[in-house]
Amino acid sequence: MPQEQYTHHRGTMSSSEGPQVYKVGIYGWRKRCLYFFVLLLMILILVNLAMTIWILKVMNFTIDGMGNLRITEKGLKLEGDSEFLQPLYAKEIQSRPGNALYFKSARNVTVNILNEQTKVLTQLITGPKAVEAYGKKFEVKTVSGKLLFSADNNEVVVGAERLRVLGAEGTVFPKSIETPNVRADPFKELRLESPTRSLVMEAPKGVEINAEAGNMEATCRTELRLESKDGEIKLDAAKIKLPRLPHGSYTPTGTRQKVFEICVCANGRLFLSQAGTGSTCQINTSVCL
């Protein structure tokens, strides 16, 4: 077809069909993929939202805190049992009013007091076998502040009015003991004993042994000595007996020995007097003055 005739035919067709419209957008498989990804994204958003709501519900998230943890004006408040896998640093730990505070551990519980250079000053270790405390001084006081027990490098002080030892074997003191009063419980006996060594009781103003409702017994293996350097020894009793004194035998032809007799004054003083054929106690009555 000649060029003029083709141009004329094209123009005739365009004028008869009207203006041509071009469609803009995504069609076909691309459109299907876009809808699929949008639907998948919506499903993921709904699942994520449901999981978030479930976590908030399980963990008990509220405006006051999370789970057993509550945020108050005074600090953090824990309700129920709590487990800390890492070190806990706090200024103060206290229980609710009227409830006890428990620390539980599978091995031990250690409390350290540090200084500014993070050096341990005081340490308390509670383990399965023992309770150990390390420090310069250990004190136990009452609510009013009265000292009950104190221990340091120099001495151990018991501030209670009475110290009771309930052991069946009593109390063992390897060295000396200093106390103003040693007394047994009512209707119980008091025994001071040294099985292998000597027992010495000394006091600058005197030693008083008193048994108000029972007997007093002093027993030793070799020698019992009552000594008063500047004063006197007083035996105040209705009867004083020496039942096991040895008895001597008299022989006129034997060698003459110095024999003494024991004399007792009216005030209870004892003195020796050389024995004769008769009593010689009346000769030394000046001793009783």
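By class, the lining of the second largest pocket holds 17 nonpolar, 12 polar and seven charged residues. In this grouping Ala, Val, Leu, Ile, Met, Phe, Trp, Tyr, Cys and Pro are nonpolar, Asp, Glu, Lys and Arg are charged, and the others, Gly among them, are polar. The model is predicted, so local features need pLDDT of at least 70 and side-chain atom pairs count only at pLDDT 80 or more, while totals for chains, interfaces and linings use all residues. Residues are numbered from 1 along each chain as its sequence is written, and side-chain values use heavy atoms, with hydrogens and water left out.

The second largest pocket has 36 lining residues. Phe-84, Leu-88, Ile-93, Leu-101 and Phe-103 are the ones that lie nearest its centre. A pocket here is an open set of points on a 1 Å grid over the protein atoms alone, where a 1.4 Å probe fits and protein lies on both sides within 12 Å along at least five of seven lines; lining residues have an atom within 4 Å of a point. The space in this second largest pocket is about 2100 Å³, a volume being the space filled by probe spheres set on the points, with grid points joined across faces, edges and corners.

Strand E4 (76–78) and strand E5 (109–114) are the elements that give two or more residues to the lining of the second largest pocket. E5 gives the most, with five residues. The lining also draws at least three residues from each of domain 1 (24–80) and domain 2 (104–170), where the bounds come from an automatic or database domain assignment.

The protein has two helices and 12 strands. These are DSSP runs numbered from the N terminus: helices are H or I with at least four residues, strands E with at least two. Along the sequence, the pattern reads α-α-β-β-β-β-β-β-β-β-β-β-β-β. Of the 289 residues, 4% count as buried, that is, under 20% relative accessible area, with exposed meaning over 50% and partly exposed in between (1.4 Å probe, protein chains only).

E4 also belongs to an open sheet of four strands in the order E1-E2-E3-E4, with antiparallel pairing. Two strands count as paired if DSSP finds at least two bridges between them. The edge strands of this sheet are strand E1 (61–62) and E4, each of which pairs on one side only. E1 is joined to strand E2 (residues 65–66) by two bridges, and the two run antiparallel. Within that pairing, Phe-61 has Met-66 in E2 as its bridge partner.

What joins E5 to E6? Six bridges do, and these strands run antiparallel. Val-111 stands opposite Leu-124 in E6. The hairpin of E5 and E6 has five residues between the strands, and in it Thr-118 takes a positive phi near 55 degrees. Most residues other than glycine have a negative phi. Thr-118 counts as exposed at 60% relative accessibility.

Strand E6 (residues 120–126) pairs in turn with strand E7 (residues 131–134), in the antiparallel sense and over four bridges. A hairpin of four residues joins E6 to E7. Among the facing residues, Ile-125 stands opposite Glu-132 in E7, and Thr-126 has Val-131 in E7 as its bridge partner.

The aromatic side chains form two pairs. Rings of Phe, Tyr and Trp (its six-membered ring) pair if their centres lie within 6.5 Å; planes under 30 degrees apart count as stacked, over 60 as edge-to-face and the rest as tilted. Phe-36 and Phe-37 form an edge-to-face pair, 5.8 Å centre to centre with 65 degrees between the planes. Both Phe-36 and Phe-37 are exposed. Phe-138 and Phe-149 also form an edge-to-face pair, at 6.3 Å centre to centre and 65 degrees between the planes. Because Phe-138 lies in strand E8 (residues 138–141) and Phe-149 in strand E9 (residues 147–151), this pair ties together parts that are 11 residues apart in sequence. Phe-138 is partly exposed at 44% relative accessible area, and Phe-149 is partly exposed at 30%.

The loop between E8 and E9 contains Lys-146, which is partly exposed with a relative accessible area of 38%. Lys-146 and Ala-160 are 14 residues apart in sequence and 8.8 Å apart in space, C-alpha to C-alpha.
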